[in-house]
Amino acid sequence: MSGDCVDSRGGVCGRFLSPDRTRPRTTLNFVGPAHPVTETQSFVSTATLIVLRGEDLVGDNEVVSGNLLTGVSLDQPVFGLSEMTVSSTPLRLFEGPHYVSFASMDRAGNAEGVNSARIDADGTAPDTALSIVPEPVLSQGELLIGPRSDLLLSPLDPISNEVASGVRDTQFSVDGSSFAVVLGTVALSGPDGPKELRWFSRDNVLNEEAVKSTAVVLDATPPALALSCPEPSAPAFCRVFEGVIPVRGSVADLHLVSWRLDWAPGRAATSGFSPIASGTSPVSGDLASWDASALSGYVTLRLSAEDAVANASSLTVEVYVGDPARVYALGGRKTFDRPSGVALDASSRVYVADAGRDRVFVYDAAGVFVRAYGTDGRAEPALKQPSGVALDGAGNLFVADTGNHRVVKISPSGGFLAAWGRSETKRGLTRYKPGKAIGEFRRPGALAVDAAGRVVVADTGNRRLQIIGSGGSIERVIDMPVVPDDEPEEEDDGEGDAPRSRGVPAGVAVDGVGRIYVADRKGARVVVFAADGAVVRTLTDGFEQPFGVAVSLDGKCLTVSDRELDFIRRYDEDGRRLLTFGAEGEAKDAASLPAALVMKKPLGLAFGPDGALYAADSGNGLVHGFAPPAGPPVVSVGEAAKPGGGFRTAAVPAASAEPPPSVV
């Protein structure tokens with residue numbers, strides 16, 4: 001390269017020569033989507049611009065003459081720059097494979113050798129198919145899928161004009177949510193119901209397919225199962241059956257395929273099941289009348305169901321077929337004279353109202369004597385023929401003090417808190433008499449405490465119930481209904497001895513919703529009252545003198561003792577008999593009790609926290625606990641059960657921190 005130099009005075013200062021011997025270099029550039037494969041092969045979109053840039057490189061002598069021109073040839077073989085078209089306009093390629101040749105020349109005449117590259121222009125978007133495994137179920141015109149359904153998105157970038165750049169990604173959206181890249185299969189979650197699925201794929205040069213969509217219905221909920229008889233959460237005693245067992249429950253599902261009821265021998269069985277009943281439609285109520293009369297011992301009952309998309313559920317319950325076992329035995333004639341009422345607290349302590357000894361005895365779960373309530377003198381609580389006991393949620397003890405015609409409240413520590421009845425005080429001594437007015441009693445025989453702390457009292461001699469509110473006042477009086485075709489009784493004491501007189505409440509229990517269950521010894525029936533005193537149901541089943549009654553919190557397990565027939569029966573909430581056991585017999589004061597479940601004048605009944613049914617066997621001086629067999633029974637009879645010395649003294653410590661008692 002040559003040039004002139006002119007000094008400041010306008011004279012020529014000389015000439016110089018700077019040769020440029022370095023060839024320029026041309027680069028291929030993409031404006032838009034591109035996917036390089038190798039240095040000389042790329043995929044581009046049909047919308048991508050191809051720009052060639054020639055650059056004169058700096059040589060060893062640091063001289064740059066500058067790029068003069070750039071030539072290009074498309075899809076034609078060339079051997080030099082002279083065969084190319086000089087152009088500075090970007091290229092845009094139609095779909096298909098292309099071969100581009102290019103080179104540049106600088107101002108010094110240095111020409112670049114021919115460069116070549118393969119460029120595949122892709123103008124076709126992928127196509128993505130959705131498949132669902134297992135195949136969705138067509139239900140009422142809707143595609144039904146479940147939580148085990150896999151959504152498989154299969155994108156394909158089709159070859160068009162010999163070009164396919166390949167799939168870059170697949171994106172998926174549910175119910176209008178933002179699209180997200182997914183790989184392989186997708187599983188739906190979330191609440192059941194209709195779902196809108198949308199998806200699309202892009203290839204490597206960002207050709208994007210139109211969004212596709214479909215609608216499905218997700219059912220991720222297994223069939224809802226329930227057993228109300230036998231009920232898995234029922235007290236253990238309430239899962240003892242005999243003969244034909246009415247199995248009740250429900251199966252519910254919008255897309256139910258089938259349900260099945262079966263059984264297997266043993267506890268918690270997992271195999272060996274035999275069918276009882278089955279169906280293909282939702283059901284509620286009676287599932288089967290299962291004849292188990294040939295069975296004995298533990299069996300496992302199973303209810304199972306499956307819906308159209310393989311959601312499945314199963315429910316089992318252990319049932320004992322046959323007479324219950326005696327799991328607890330307490331007392332004996334040397335301990336109790338006439339046990340009439342029984343109750344248990346949350347710690348399984350057993351409270352026994354002994355009408356013959358004028359005491360309430362307390363034993364722990366192992367049958368060890370804890371204490372006694374009652375005195376022989378003037379100190380309270382001076383009990384006389386106590387027949388019924390019950391506890392509230394705070395552990396306060398209520399006693400039907402039958403011989404004193406009153407109801408007594410005793411604190412957990414043994415302090416005398418209150419008494420209800422007709423009282424009179426002379427010379428500082430308070431005595432109680434039978435009375436007819438509200439809040440007065442005539443030989444109250446039993447009581448029960450409901451969930452709200454109200455005390456329901458069987459005012460036996462007045463043939464009515466009186467309900468003491470949690471605040472201590474009488475909230476309601478419920479007269480017993482008339483006994484049809486009644487005849488006068490000698491023991492009526494002149495009260496209600498006219499023909500068709502009212503029934504005589506002997507035992508009382510309350511369920512979790514406030515229904516009151518009364519053993520009517522005169523009417524030979526059980527009367528069920530609503531909380532407002534309306535008669536809900538009357539149960540007669542060949543009773544002679546029903547005396548004790550106990551009921552589960554849900555009201556589905558009702559037990560009744562008959563003092564004359566020496567048996568205990570169990571019923572469901574509809575009054576269907578499910579079990580009868582017991583026979584008249586004597587149990588002597590010995591550590592070894594008879595194997596047979598003999599009783600003599602069973603009276604009060606109560607459920608314990610262990611699920612067993614406890615019964616006051618007045619004629620044998622015992623308290624029994626009945627339940628399915630589960631290990632050695634607790635036996636504390638004879639000498640082992642005798643109370644400690646001094647039980648006939650006042651049970652309340654001399655220095656009591658209890659508030660002063662009240663007389664209501």
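Student: How many aromatic pairs does a search of the whole structure find?
Tutor: The search finds 12 aromatic pairs, where rings of Phe, Tyr and Trp (its six-membered ring) pair if their centres lie within 6.5 Å, with planes under 30 degrees apart counted as stacked, over 60 as edge-to-face and the rest as tilted. This is a predicted model, in which local features need pLDDT of at least 70 and side-chain atom pairs count only at pLDDT 80 or more. Side-chain values use heavy atoms, without hydrogens and water, and residues are numbered from 1 along each chain.

Student: What kind of pair do F179 and F200 form?
Tutor: F179 and F200 form an edge-to-face pair, at 5.1 Å centre to centre and with 70 degrees between the planes. F179 lies in the loop between β16 (167-174) and β17 (180-182) and F200 in strand β19 (residues 193-203), so the pair ties together parts that are 21 residues apart in sequence.

Student: Is F200 buried or exposed?
Tutor: F200 is buried, with a relative accessible area of 7%, whereas F179 is partly exposed at 27%; buried means under 20% relative accessible area, exposed over 50%, and partly exposed in between (1.4 Å probe, protein chains only).

Student: Which residues do ring pairs link into a cluster?
Tutor: The cluster consists of F237, F581, F607 and F626. F237 is buried, with a relative accessible area of 0%, and F607 is buried at 19%.

Student: Changing topic, where does the charged end of R302 sit?
Tutor: The charged end of R302 sits over the ring of F273, 3.8 Å from its centre, the criterion being NZ of Lys or CZ of Arg within 6 Å of the ring centre and within 35 degrees of the ring normal.

Technical notes
Helix = DSSP H or I, 4+ residues; strand = E, 2+ residues; numbered from the N terminus.
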